[in-house]
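Thanks for coming, everyone. I'll walk you through one model today, piece by piece. Please keep the picture in view while I talk.

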Amino acid sequence: MTRWSRRDMAKLFTLAACGCAMGQDRAGEGHPAVNLDGLKFRSGAVPQVREARFWEPLGDRKVRCKLCPHECVVADQERGTCGVRENRGGKYYTLAYGQVCSTHIDPIEKKPLFHYLPGTSALSIATSGCNMECQYCQNWQISQFRPEQVPSVDLPPTRVAALARQYASPTVAYTYSEPVVFYEYMYDVAAEARKLGIGSVMISNGYIQIEPLRKLIPVLSAIKVDFKGFSENFYTKVCRGHLKPVLDALAAIAAAGIWLELVMLVIPTLNDNLEENRKMFRWIRQNLGDQVPLHLTRFHPMYKLQNLPPTPVATLEKLSAEARQVGLKFVYVGNVYGHPEESTRCPSCNRMLIQRVGFEIVQNALKDGRCPSCQTRLPGVFSR
Amino acid sequence: MRRSRREFLTDSLKTVAAGPLLIGASTQWFHNAFGEIVPTDRWRGRVVVARAAKGSTTPATPGALLDRAMARLMEEETATAAWKRLFRPDDVVAIKVNAMAGRPLVPRYELVRAIATRLNGAGIPDERIIVWDRSDRELQRAGYTLNTTGRGLKIFGTDALVDGYEPQLSHAMTVGSCFARILTRHCTAAINLGVLKDHDLAGVAVMLKNFYGVIHNPNKYHNDNCSPSVAHLWTHDSIRRKVRLHIADAHLAQYHGGPAFHSAYTWPFHGLIVATDGVAADRVAQEIIERRRREAGMSTLAAEHREPTYLAEAGRLGLGEARLDAIRWLEI
């Protein structure tokens, strides 16, 4: 038998004491004083379901969703990647219809839409759900949850339209999460709002199939698309989507003639490459035209992307200069309070037309949508 | 070699510093009713498949099967002793059922009741047992009667709670989710109660896959046949530390067309699968389903590009035994 010295024993006891201390901590984790009396239960109605649009049966009670480019094949009792459309017995339903989890009166500039009724407000609504999962999503607490997981109120389309009129908002904005996933509800609200002379704007990632998009456009007044980047790799790895369907949707929107603005959130090291963005700017000019406003906005750490710093303002300014160099007429810098490139100048005579600070309009010199100096017409929607 | 007092003190301090790291890297463990410190992988690779006796005209009750299976799994004389090896009287136990498919492809309530009765025998009253899945609706479709009163078994969905999910994300390798508080805060131990069934993407949805129901965003982790996401999910500390037992109700089993109930592809198995190693139990379940598919003249899960490859990944991560030839598959 090995004989242990006093020294070895001391060492062993030190290790044992250390292990015990650690063990106590870990055991403690498993046995907190759990008090089940404090459980708080929800009250309220279970979300109502409606049959979804744009899907096809596949047999064996499976369905294929044809609303967005994921084209999820969904087995019975399962949901698509959006988390709000569910197969029940071979029939596809939306669980998001009318289940509004966020409602605000926002300045239209917050969307951001700079060339659409500047200085007005928009009744902004969202349900839960999204067909992407951007790792930097700023509204992930609703976009990445299911309807039954977030508190919501039931707002029928007629009620939304009436609320917009009550609060003197000329526009209803479908925003915060991803309105494509609550398509049926958005469509019906837009149709009801239109009856009252109220417009509708979709704030979207543009991840939608062409057929539903074409059917939706006639009830909308404007669309803003988050252009995530110009690489398939970025769309796949960071956003769980694909680039090509977004390009197709943008081209379809431009062809339909509805007012369109683009936002690109510039993220250090992930989508801020100058050469790649130059290609994007050229694609925009060639396919959407040089009049489409482009908002280059500043990233802040959020959701699963906490390891990167906010975008340096100099990066935004460099990309902005490049976009102008490529030929885009209306390029804005966003999420940088008080930046001079928040404002709109006349593309012909450079006169200040709409001066903004944050979401506030400081000065609007437009006369009937035109520059008062040179009469150049500013592209956009400036009257109801 | 004789060392100076200085060298001795230096070595001792290094030991003090390294101790927690060594302990922390070791396996998870818990205290049982006998006051033993039990590593969670103590019965690694052991899977009991208990079935009604051949030729028996009356199928064994779930409780009788469960008692036989537990005693064999834990190598105990009595089932009561086996339950005490895993739980202790001050535990709050959450039983995560897989109610998704609806009746009859869900854990039978008789089995849930039998488990609760055995927990009672280990000193845990009904009032400290929560039977749960992600939504009240699914539980009701499965035939369970919701109970949120202070008496009896608590039965409700995560969505029944005002704050059902943790407000902050937590990460388990590639999985980033908000976890159900029933698991993270309201229990000290958990039982994974699934069913023996096929899954059109994941291959099988028996044990590990059932815990997609504890995260808020399972729909984001179904790409690539749920692999390696299912395995990664199981590296989460709350799951590894709290889940002590896996049981699959295999009274009725389904070899194709899952995860929903599809009567054309079901067969009466009249059994239970019981293990403390969920990876091994899933691997055995996969084999049972593969055999039944062969009997039915169907192709393998691999041929249909939906082999549960996440099991091999779970094995590599040390979550359990995924190699069939290394599993002790005990038929009783």
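Start where two domains of chain A meet: 14 residues of domain 1 are in contact with 18 residues of domain 2. Contact here means that two C-beta atoms, placed from the backbone, lie within 7 Å. What is the touching side of domain 1 made of, by class? It has 7 nonpolar, 4 polar and 3 charged residues. For those classes, Ala, Val, Leu, Ile, Met, Phe, Trp, Tyr, Cys and Pro count as nonpolar; Asp, Glu, Lys and Arg count as charged; the others, Gly among them, count as polar.

Domain 1 of chain A is 50-94, and domain 2 is 99-342. Those bounds come from an automatic or database domain assignment. The domain centres, taken over C-alpha atoms, are 25 Å apart.

A word on the source. This is a predicted model, where local features need pLDDT of at least 70, side-chain atom pairs count only at pLDDT 80 or more, and totals for chains, interfaces and linings use all residues. Residues are numbered from 1 along each chain as its sequence is written, while chains are lettered from A and ligands numbered from 1 in the order in which they are written.

Now the confidence. The model scores ipTM 0.81 and pTM 0.86. pLDDT is the predictor's confidence in each residue, from 0 to 100. Chain B has a mean pLDDT of 91, and 90% of its residues reach 70 or more. Residues 18-26 of chain B stay under 50, and the model has 9 contacts for them beyond four places in sequence.

Next, chain A as a whole. Its C-alpha trace spans about 100 × 50 × 40 Å along its principal axes. Its secondary structure comes to 9 helices and 19 strands. These are DSSP runs, numbered from the N terminus: helices are H or I with at least four residues, strands are E with at least two. Of the 384 residues in chain A, 45% are buried. Buried means 20 or more other C-beta atoms within 10 Å of the residue's own; exposed means 12 or fewer; partly exposed is in between, with C-beta atoms placed from the backbone. Among the chain A contacts with a separation of 6 or more, 67% are between residues 24 or more positions apart.

Three strands of chain A form an open sheet, in the order β1-β6-β5, with antiparallel pairing. Strands pair if DSSP finds at least two bridges between them. Why do β1 and β5 each have a side without a neighbour in the sheet? Each stands at an edge with a single partner strand, so one side is left open.

Zoom in on the pairs. β5 (residues 85-88) and β6 (residues 91-94) of chain A are joined by 4 bridges. Asn87(A) stands opposite Tyr92(A). Glu86(A) has Tyr93(A) as its bridge partner. So does Glu51(A). The pairing of β1 (residues 50-51) with β6(A) runs over 2 bridges. In the β5-β6 hairpin, 2 residues lie between the strands, and Gly89(A) takes a positive phi near 70°.

On to the cores. A nonpolar core is a set of buried Ala, Val, Leu, Ile, Met, Phe, Trp, Tyr and Cys residues joined through C-beta atoms within 7 Å. The largest has 203 residues, and those with the most contacts inside it include Val93(B), Ile95(B) and Ala248(B). A second, separate core has 5 residues, among them Cys346(A) and Leu378(A).

Last, some backbone details. Asp60(A) is not a glycine, yet it has a positive phi of about 55°. Asp60(A) sits in the loop between β2 (55-59) and β3 (62-65), and is partly exposed, with 15 other C-beta atoms within 10 Å. Ala168(A) also has a positive phi of about 55°. Is Ala168(A) buried or exposed? Exposed, with 10 C-beta neighbours inside 10 Å.

Two cis peptide bonds to finish. One joins Lys111(A) and Pro112(A), with omega about -10°. The other runs from Arg103(B) to Pro104(B), with omega near 5°. Pro104(B) lies in the loop between β4 and α4 of chain B.
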